[in-house]
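Student: Please take a single part of this model and look at it closely. I would like one connected account that also follows any links from that part to the rest.

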Amino acid sequence: MTPALLSLAVAILGGAGLALALPGKARPLIYAGYTLLAGAGAMALMLLAEVAGGGSQIVYFVILSAIGIFGALAMVVHPKPVYSALFFILVVVATTGLLLLAEAEFLFAAVLIIYAGAILVTYVFVIMLAQQPGDLPRYDTDARAPFLGALAGFTILGILGTRLLSDDVLGDEAMAAAQVESGPPGNATLVGLELMTTYVIGLQLTAVLLLAAMVGAIAIARRRPEREAHEASPFALPTDSNESTESTESNPNAGGA
Amino acid sequence: MLVGYVVVAALLFTIGLVGFVTRRNLITIFLCTELMFQGIVVNVVGFARYPLSGGPPTYDGHVFALFLLAIAAAEAAIALALVVLLYRYRGTLDANAWKLLKES
């Protein structure tokens, strides 16, 4: 099968499987979705093995891609958000493995530490903060418009696949032009040089952006409710009358400034 | 080898896109955004390692991925602060609780 046709089959089978496997349907439909996803996954791995003519690294590439795609599907399909976060850590490990295969050692370490170590820990903390006791709530067990969502996403994938893998992009002369020699050593040195010379303004702007985000996050999350004696829930925000009387009491001279 | 990276990136991005559109839990929606970012990182590093011009590997893709990492971290911080605030307003993490624009 040509790669373009194979990618189209992956898109169709994967879209149908994901639409069926999203939570909120009867058990047999979900299991049918899992089966379709397994078939689509196997075809995707065959497609990758056919397209990536990398020689000795192909086994690692296919294995890491398989782990990544399985983690991504499990993350999107699982009802519980904690499991989604943990499967996303699996995806990050597989993705950084692919980065290591592409000789990007610095990005491998940086992405792994920052994503799995910082961002995902923050996500798990917030998930634990917003837990509700008892069974899973409706918004976890139901997906909204699964067929339309899968149709939209996998239409894009089908178009990308069939155009990208057709002969005029993947033909012999295009592949011959993409031969590469091994790169120079010192990956972190070279990335740092680019960052400090060509992209130094972007670096400074990113630092300012991070500072602004940190200040903004603290400001947003700091709006703490007043603990009135008659308030039922400690998480309720104050009503409008409380806020207006408090502001006029505390700043009697601030009106009209 | 470039096409292999691009195909994996397309798959990760599409799965993240479908999850973003479909799930109702606010936290899961933002988690799928991070999955889309992972796809973009793989794509851009693949193009840096195997440039289309056929020369030695460049590092522009790596710098792009670093900036993307910083922006993803900032976005995660603000998004989670917003999610906590929205949870305090309505007591639910449901995205459908915010589908009407009227104040309650």
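Tutor: Within chain B, residues 24 or more positions apart account for 55% of the contacts that have a separation of 6 or more, where contact means heavy atoms within 4.5 Å. This is a predicted model, in which local features need pLDDT of at least 70 and side-chain atom pairs count only at pLDDT 80 or more, while totals for chains, interfaces and linings use all residues. Residues are numbered from 1 along each chain as its sequence is written, chains are lettered from A and ligands numbered from 1 in the order in which they are written, and side-chain values use heavy atoms, with hydrogens and water left out.

The secondary structure of chain B consists of 3 helices and 0 strands (helices are DSSP runs of H or I with at least four residues, strands are runs of E with at least two, and both are numbered from the N terminus), so that the pattern along the sequence reads α-α-α. Chain B has a radius of gyration of 18 Å, well over the 13 Å that the globule rule gives for 104 residues, and is therefore more spread out than a compact globule; the radius is taken over C-alpha atoms, and the rule is 2.2 Å times the number of residues to the power 0.38. Its C-alpha trace spans about 60 × 25 × 15 Å along the principal axes.

Of the 104 residues in chain B, 68% count as buried, a class that requires under 20% relative accessible area, with exposed meaning over 50% and partly exposed lying in between (1.4 Å probe, protein chains only). The accessible surface of chain B is about 3,600 Å², and 71% of that belongs to carbon and sulfur atoms (Shrake-Rupley method with a 1.4 Å probe; for residues, only the protein chains shown count as cover). As for charge, the 7 positive and 5 negative charges of chain B have mean positions 10 Å apart; Lys and Arg are taken as positive and Asp and Glu as negative, without His or the chain ends, and each charge is placed at NZ of Lys, CZ of Arg, CG of Asp or CD of Glu.

Two residues make this picture more specific. Val3(B) sits in helix H1 of chain B, residues 2-22, and is counted as buried because its relative accessibility is 11%. Between Val3(B) and Pro57(B) there are 15 Å from C-alpha to C-alpha, at a sequence distance of 54 residues. Arg49(B) belongs to helix H2 of chain B, residues 26-49, and is buried because its relative accessible area is 9%.

Glu103(A) lies in the loop between helix H4 (81-101) and helix H5 (105-129) of chain A, and is partly exposed because its relative accessible area is 30%. The phi of Glu103(A) is near 60°, a positive value in a residue other than glycine. Most residues other than glycine have a negative phi.
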